Amino acid sequence: MTRKTKRTIWWVLAVLILAVIGYAVYYFTSIYNGLEGLHKEGDASPFSHLEQVEAAVPEPPKWEGTELVSIVIMGVDGRGLTKGEIPRSDSMMVVTLDPIQKKIHLFSILRDTYVSIPEFRKDRINSAITHGPNTAMKAIGDLLGIPVQYYVYTDFQGFIKLVDALGGVDFYVEKDMKYSSKADKHEYDIDLKKGQQHLDGDKALQYVRFRHDALSDFTRTERQRAFLKTVADKMKSTTSIMKLPSILESVSEFVDTNLTTNDMWKLANIGYQSTMAGSEQVPPMSLLGEENVGGASVITVKDLDKLHEYVQNVFKTPTVDQGNVGPAKE
């Protein structure tokens, strides 16, 4: 091999290495900027006008990195509201990660559960977020009997953008689902067919919103947990990881969280290494009661101490491979 040929090879290698380094810098800078954009401050925060309202509510506990960490995910429907108005939670799920055992537990909270809202009167738990995220985290933590350190808040559009940015999700729809509403000007009508199919953001939203069957919110929360697991599994794929900068850019406008960028890096690393240990509804059927308050039906907890014991027992349950499918096929 001539000296000139060797120089050419080394020159090509140098260019390739620089190109790889340049892409890596761009990739990780894009991810970092995207993660920073999820945490809103000042006027950019949807809760900026609630700072004084939440002053009496304790700050969420600090996560030290080795104990269980819990994040409440709140999805809201912001249609038809005035600027600055906070809608009630349409769905609430708590993701709890065990950094030592590398396990993930998922709880869905029935939104009509009647609880004490910190510094306010008793009300449905989905109203807690209207008083601010710290209030919501404290109310949900008190219900489950665990500290809740973080929140993620998004609306319908954020959910649609996430699923579309992932390229859609393959999912089994367990039955035909149809619902039409003139009040919504048919913007959020539901029309899904039973069977395995590829759901884009709009179809996925229809699936997780559907509650027009005999068990209403009970089966809806089960569907939401199953779908969230499928999304989480797809997020772990190599293709999705490579698309992470564009995914973050798509959803950033519609998401708010108290997670710092460093928190997100640490939790993402734990989540990637962890397995799903199980998912549960709260309150479970065995502890669920019903009452009439002010002429409206609400869900109550028969025994709060037993609910806390139930949650702790869930954490001790051995990991079970639940597969990458929706609720049980008929």
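**View 1. Pro-283 sits in the loop between strand E12 (275–282) and strand E13 (288–293).** Here a cis peptide bond joins Val-282 and Pro-283, and its omega is about -5°. Strands (E, at least two residues) and helices (H or I, at least four) are DSSP runs, numbered from the N terminus. Please keep in mind that this is a predicted model, in which local features need pLDDT of at least 70 and side-chain atom pairs count only at pLDDT 80 or more, while totals for chains, interfaces and linings use all residues. Residues are numbered from 1 along each chain as its sequence is written, and side-chain values use heavy atoms, with hydrogens and water left out.

**View 2. Lys-102 lies in the loop between E2 and E3.**

**View 3. One cavity of 30 Å³ or more is found in the structure.** A cavity is a set of points, on a 1 Å grid over the protein atoms alone, where a 1.4 Å probe fits but cannot get out. The largest cavity holds about 50 Å³ of space, a volume being the space filled by probe spheres set on the points, which are joined across faces, edges and corners. Around the largest cavity, the lining (residues with an atom within 4 Å of a point) consists of Asp-90, Ser-91, Met-92, Ser-108, Ile-109, Arg-111, Asp-217, Arg-220, Thr-221 and Gln-224. Strand E2 (89–98), strand E3 (103–109) and helix H5 (217–235) are the elements that each give two or more residues to this lining. Which of them gives the most? H5 does, with four residues. Sorted by class, the lining has two nonpolar, four polar and four charged residues. (Nonpolar covers Ala, Val, Leu, Ile, Met, Phe, Trp, Tyr, Cys and Pro; charged covers Asp, Glu, Lys and Arg; the others, Gly among them, are polar.)

**View 4. Helix H2 (residues 133–144) packs against helix H9 (residues 304–316).** Their axes, lines fitted to C-alpha atoms over the stretch in contact, are 7 Å apart. The angle, taken from 0 to 180 degrees between N-to-C directions, is about 90°. H2 and H9 are therefore roughly perpendicular (65 to 115 degrees). On the H2 side, Asp-142, Leu-143 and Leu-144 make the contact (heavy atoms within 4.5 Å); they meet Leu-304, Leu-307, His-308 and Val-311 of H9. This contact has five nonpolar, one polar and one charged residues.

**View 5. Helix H3 (residues 156–165) crosses helix H4 (residues 201–209) at roughly 125°.** The two axes come within 8 Å. H3 brings Phe-156, Phe-159, Ile-160, Val-163 and Asp-164 to the contact, and H4 brings Gly-201, Asp-202, Ala-204, Leu-205, Val-208 and Arg-209. Seven of these residues are nonpolar, one is polar and three are charged.

**View 6. H3 also crosses helix H7 (residues 244–251), here at roughly 160°.** The axes of H3 and H7 come within 8 Å, and the angle makes H3 roughly antiparallel to H7. H3 passes H7 in a right-handed crossing. Gly-158, Lys-161, Leu-162 and Ala-165 of H3 make the contact with Ile-247, Ser-250 and Val-251 of H7. Four nonpolar, two polar and one charged residues take part.

Definitions and conventions:
On a 1 Å grid over the protein atoms alone, a cavity is a set of points where a 1.4 Å probe fits but cannot get out, and a pocket is an open set with protein on both sides within 12 Å along at least five of seven lines; lining residues have an atom within 4 Å of a point. Angles under 35 degrees count as roughly parallel, over 145 as roughly antiparallel, 65 to 115 as roughly perpendicular and the rest as oblique. A crossing is left-handed if the near helix is turned anticlockwise from the far one by less than a right angle, and right-handed if clockwise.
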